[in-house]
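This briefing looks at aromatic rings, a helix pair and a loop residue. Please keep the sequence and the structure open while reading.

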Amino acid sequence: YAKRQSNTKWRISYKHFHIFTGGKCTFGDITLDLCNRFREYLLNANQLKHTKKKLSRNAAAGYFSTFRALLKKAYKEKLLTENVNDFLEYIEWDDVVKEFLNQDELIRLAQTPCDSDVLRRASLFSCLTGLRFSDILNLDWKNIQEIAGIGLCVVIKTQKTKTAATLPLCEDAIELIGERKTGKVFPGFKKTLTTKPLRDWIKAANIDKHITFHCLRHYELSLSLNLNSLQRFVS
């Protein structure tokens with residue numbers, strides 16, 4: 001079942017379970033003891049990609065939660081005779097303080113030259129709209145629509161939550177996407193730009209924070225702000 005899932009967390013959870021069981025496990029082998037041992041495995045396992053680094057506690061908690069969701073579905077579909085979830089303990093999550101840019105830092109970043117124009121525009125667009133990386137990556141000009149009484153908006157079903165969203169665009173955001181074309185709004189934008197190129201740009205802006213692309217969407221810009229003060233974004 002997990003092998004059929006497209007979600008990354010499902011696939012990684014499956015890979016860890018495959019390693020834990022040596023690739024040999026049937027639903028008949030699922031016991032409370034096995035599940036508890038898998039829980040301990042996740043708490044002490046290394047990452048799949050960076051094999052010398054341990055999984056963070058929150059990563060382990062997420063993978064075990066995914067595993068428990070599979071157990072619940074398997075019991076519902078009568079593949080398991082006992083709902084072992086009733087006897088399993090969650091892996092508690094650690095509280096994480098997320099970094100974000102304040103308004104002055106965002107303006108400073110926008111004023112700092114970036115080696116990749118598409119990275120610059122996509123990043124600032126994420127700040128202004130709150131869209132995730134996956135939504136920015138897949139954003140198509142078909143998603144940019146004129147809504148009566150509102151103006152130009154992003155109309156999408158978000159990749160992660162699959163919920164419909166209509167987001168009005170401020171003038172700065174409209175400037176960042178440029179003239180209407182066809183296809184992707186940010187052609188050439190890719191995951192590799194959000195690693196070292198993004199870090200280099202943030203460093204060049206003298207921002208001493210650990211900012212990932214995901215952090216950018218946590219910048220909250222109230223629609224009541226005077227957007228004229230932010231024209232430096234696109235100048």
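Rings of Phe, Tyr and Trp (its six-membered ring) pair if their centres lie within 6.5 Å, and planes under 30 degrees apart count as stacked, over 60 as edge-to-face and the rest as tilted. F17, F20, F38, Y41, F64 and F67 form one aromatic cluster. The model is predicted, with local features needing pLDDT of at least 70 and side-chain atom pairs pLDDT 80 or more, while totals for chains, interfaces and linings use all residues. Residues are numbered from 1 along each chain as its sequence is written, and side-chain values use heavy atoms, without hydrogens and water.

**Aromatic pairs**
- By this rule there are 12 aromatic pairs; in one of them, the ring centres of F20 and F38 are 5.4 Å apart with planes at 45°, so the pair is tilted.
- F20 counts as partly exposed at 22% relative accessibility, whereas F38 counts as buried at 1% (buried is under 20% relative accessible area, exposed over 50%, partly exposed in between, with a 1.4 Å probe and protein chains only).

**Helix contact**
- S13, H16, F17, I19 and F20 in α1 meet L34, R37, F38, Y41 and L42 in α2, where contact means heavy atoms within 4.5 Å and helices are DSSP runs (H or I, at least four residues) numbered from the N terminus.

**Loop residue**
- L79 lies in the loop between α3 (57-76) and α4 (103-111), and counts as partly exposed at 42% relative accessibility.
- Leaving aside residues up to four places away in sequence, L79 touches F27 and A74; the C-alpha atoms of L79 and F27, 52 residues apart along the chain, are separated by 6.5 Å.

Conventions: Helix = DSSP H or I, 4+ residues; strand = E, 2+ residues; numbered from the N terminus.
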